[in-house]
Amino acid sequence: MDNEQMWFRPEVLALPAYVPGKKPGDSNVIKLASNETPFPTLPQVEAAIAGAVGDLNRYPDMFATDLAADLAAFHEWPDAGIVVGNGSTALIEKFLQAVVGADGEVVLPWRSFEAYPIAIQAAGGIAVKVPLTREGAHDLRGMLKAITPRTRAVLLCTPNNPTGVAMTHAELSSFLAEVPFEVPVLLDEAYVNFVDMSGAVDSMRLLKQHQNLIVLRTFSKAYGMAGLRCGYALAHQQMASGLRAIGTPFGVNALAQAAARAALGSQQLVTEQVESLLGERDRISSALAAQGWQVPASQANFLWFEFGDLSKRFEELCGEAGITVRRFGNEGVRVTIAEHEGSVRLMRALDMFRDQLREE
């Protein structure tokens with residue numbers, strides 16, 4: 001028996017590996033693999049970090065009280081219903097540890113954020129994956145049918161990562177109305193800032209109507225704080241209390257807390273940056289449509305190319321064009337919307353891809 005088999009639980013050893021986006025080895029290569037924003041750190045965030053470095057010999061506020069108060073004011077939601085964590089992924093892990101239990105089932109869309117099944121398995125649960133629709137959207141009716149007495153939670157992701165498709169408010173409202181009250185629903189809105197469609201989900205309105213709903217947000221995407229790790233949950237007080245109870249003590253460092261408060265106060269600049277990315281997304285989407293490429297209608301800061309067995313070849317061509325992208329096995333390739341030059345190189349890679357296909 002190997003040592004690791006002696007030391008670790010079998011389900012831990014069997015965990016699938018999380019695959020991060022590739023880092024360019026060449027400074028001339030543009031990274032479009034991790035859904036990061038291309039903008040430099042927000043000025044107010046830089047200033048806040050500089051002002052907080054003198055107190056790092058002290059533990060941070062365990063419950064991020066000041067940040068929670070700012071978030072409460074921003075969302076017009078009670079402080080007691082806000083839980084801050086070390087990125088929204090850590091909150092997903094803690095939530096599942098708190099509710100799943102041995103062999104408990106968690107219903108989720110698939111493909112979706114690859115950390116979901118890892119976190120479910122680590123919590124001792126069983127992932128019940130409901131395939132997406134052909135359009136890359138959640139099959140909400142199929143997810144409802146997958147709920148059984150063994151279901152301990154439901155995970156939702158809108159816009160969905162990696163397809164970029166978002167649910168409408170009407171769709172999600174109807175879905176939540178049919179989920180049993182005893183089954184908590186986690187709504188992951190990591191990319192909510194990039195949604196500009198009509199009929200978009202109003203999660204705060206739904207939160208007021210459903211005590212079993214928990215909404216996740218992050219500072220990693222639109223706020224450009226991926227390197228600091230800070231996210232938060234919005235929930236009713238009883239749900240928040242359970243999540244807070246299982247939280248890692250002092251899990252959110254002092255710099256992240258200070259930075260997140262400053263980022264929250266930088267709404268005008270954040271909005272301008274998001275609008276810039278949405279303009280780039282619209283330009284690329286129009287160019288793709290004009291050339292006959294079919295991709296899901298993204299409401300996020302990335303696009304999904306479902307190239308199946310040809311995904312690896314396309315990834316390699318992207319590398320030749322000077323960009324790194326995120327390939328998901330033989331399913332497809334996700335490409336982040338970032339600087340305009342990255343879009344130019346993406347179109348170049350697609351041209352090379354099409355030329356190869358024509359030659360065959």
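Predicted model: local features only at pLDDT ≥ 70, side-chain atom pairs only at ≥ 80, totals over all residues.
**Entry 1**

I found an open sheet of 7 strands, in the order 2-8-7-6-5-3-4, with mixed pairing. Which strands stand at the edges? They are strand 2 (82-85) and strand 4 (126-131). Each has a single partner strand, so one side of each has no neighbour in the sheet.

A reminder to myself: strands of a sheet pair through backbone hydrogen bonds, either parallel or antiparallel. I then picked one pair to look at. Strand 7 (residues 213-218) and strand 8 (residues 231-235) run antiparallel and are joined by 5 bridges. In this pair, T218 stands opposite G231 of strand 8.

**Entry 2: helices on the sheet**

Next I checked what lies on those strands. Helix 4 (residues 65-75) lies across strand 2, strand 7 and strand 8, and runs at about 130° to strand 2. Helix 8 (residues 169-178) packs on the sheet too, where it touches strand 5 (151-157), strand 6 (185-188) and strand 7. The direction of helix 8 makes about 180° with that of strand 5.

**Entry 3: helix 3 with helix 11**

How far apart are the axes of helix 3 and helix 11? I got 8 Å, with helix 3 (residues 43-52) and helix 11 (residues 254-264) packing at an angle of about 150°. The crossing is right-handed. From helix 3 come Q44, V45, A48, I49 and A52, and they meet L255, A258, A259, A262 and A263 of helix 11.

**Entry 4: helix 12 with helix 14**

For helix 12 (residues 267-290) and helix 14 (residues 340-359), the axes come within 11 Å and cross at roughly 15°. The two helices are therefore roughly parallel to each other. Helix 12 passes helix 14 in a right-handed crossing. Helix 12 makes the contact with E280, I284, A287 and L288, and helix 14 with H340, S343, L346, M347 and L350. Sorted by class, that is 6 nonpolar, 2 polar and 1 charged residues.

**Entry 5: aromatic rings**

Last, I looked up ring pairs. How many aromatic pairs are in the whole structure? The search finds 13. I wrote down F307 and F353, a tilted pair with 4.7 Å centre to centre and 40° between the planes. F307 sits in the loop between strand 9 (302-305) and helix 13 (311-321), while F353 is in helix 14. They are 46 residues apart, so I noted that this pair links distant parts of the chain.

Note on methods. Residues numbered from 1 in each chain as written. Heavy atoms only, no water. Pairing = 2+ DSSP bridges. Helix = DSSP H or I, 4+ residues; strand = E, 2+ residues; numbered from the N terminus. Contact = heavy atoms within 4.5 Å. Axes fitted to C-alpha atoms, helices over the stretch in contact; angles between N-to-C directions. Parallel < 35°, antiparallel > 145°, perpendicular 65-115°, else oblique. Left-handed = near helix turned anticlockwise from the far one by under 90°. Nonpolar A, V, L, I, M, F, W, Y, C, P; charged D, E, K, R; others polar. Phe/Tyr/Trp six-rings, centres within 6.5 Å; stacked < 30°, edge-to-face > 60°.
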